[in-house]
Amino acid sequence: MFEFFRSKIYVAITLVLVTLLIGVLGYKAIADYGWVDALYMTVITVTTVGFGEVNPLTPEAKVFTVVLILCSVVIVGYAISVITEYIISRNAYDTIKHRKVQKKIDKLSNHIIVCGYGRNGKQAVEKLRAYNKSFVIIDKEEDVVQRYEDADTLFVNGNANEDETLLKAGVARASTLISALPDDADNLFVVLSARQLNQQLKIISRAEYETSQKKLKLAGADNVIMPNRIGGDHMASLVVVPDLIEFLDNLSVVGEEDSINVEEIGFEKFCPDGREVSIKDIDLRYKTGCTIIGYKSPDGKYTVNPSADFILKKGSKLVVIGRPEQIVNLHRIFGI
């Protein structure tokens, strides 16, 4: 639609320029004006401002002026109408689009809010999209929103520090908030605001400096991630235990070919009837080929490599590992 409007605008501007060119050349040839006087006469005639002539006009020049006025009124009027229509249509389209996006956001619940669509924000969104999680992105840069927004990517254009912006993103109904802003002070304000608006919200924040880590925790962040520190540790580990790190790098939660997938599965998926059973009873290895490597109890304690007689409690979670095709079997059999 806007390509069509733009083509009309180009036509209108071309017509105006051609009219000005014809006027200048006409006054130069017919009235014998200089270039500056011819341009002056053309502009005051086309714009109908009513100033007097530079020199008395000949009958031929007067006829030319009448024709120029009639043509310019039509052409300039057309140009103004096209440009006005484009501006109004653009504003109306943006308003309608924002309303449709807001309606989609208002229907979400237990979704994830990602504050900041920089490098870390994009990585978080890619992971959430791979797991088919519902999410809303907050970014204050309008060009970023226009560039990346589509039917599957919901944006709120605004400052994540402001309560109004967080409420538009549905913070009161969200399950998790990821604050991935580049500045620690901005992340601190986001955490404070989000915690006040939703006490049950799980908040994960990015931090640049170690001194900010404790402050973010005090402000209400459940987890604080320092990407720079993680990167340095990872590079050092590649020197100390390279084979182990390469193996761990092959662990994936996305399902890439030739990767080893790790999944976290809740108790209700393995025991839909709510009956507490042992790991041996669910027989996961035989049914899917996946192996249980970890257990998280309802109170948050972890057990590595639990035994076959380990009883699964309500509210617990299992961490399983397997190849992509085994993970597919796991999803199919247990309806994950």
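Select strand β5, helix α8 (residues 210–219) and strand β6: together they make a right-handed β-α-β unit. Right-handed means that, with the strands pointing away from the viewer, the path from the first strand over the helix to the second runs clockwise. Helices (H or I, at least four residues) and strands (E, at least two) are DSSP runs, numbered from the N terminus. The model is a predicted one, in which local features need pLDDT of at least 70 and side-chain atom pairs count only at pLDDT 80 or more, while totals for chains, interfaces and linings use all residues. Residues are numbered from 1 along each chain as its sequence is written, and side-chain values use heavy atoms, without hydrogens or water.

Next, display β5 with β6 (residues 223–225): the two run parallel and are joined by three bridges, strands being paired if DSSP finds at least two bridges between them. Here R206 stands opposite I225 in β6.

T176 stands opposite K202 in β5.

Now turn to the aromatic pairs (rings of Phe, Tyr and Trp, the last by its six-membered ring, with centres within 6.5 Å; planes under 30 degrees apart are stacked, over 60 edge-to-face, the rest tilted). Five pairs are counted by this rule. Select Y27 and F64, an edge-to-face pair at 5.3 Å centre to centre, with 90 degrees between the planes. Y27 lies in helix α1 (residues 2–30) and F64 in helix α3 (residues 59–106), so this pair ties together parts 37 residues apart in sequence.
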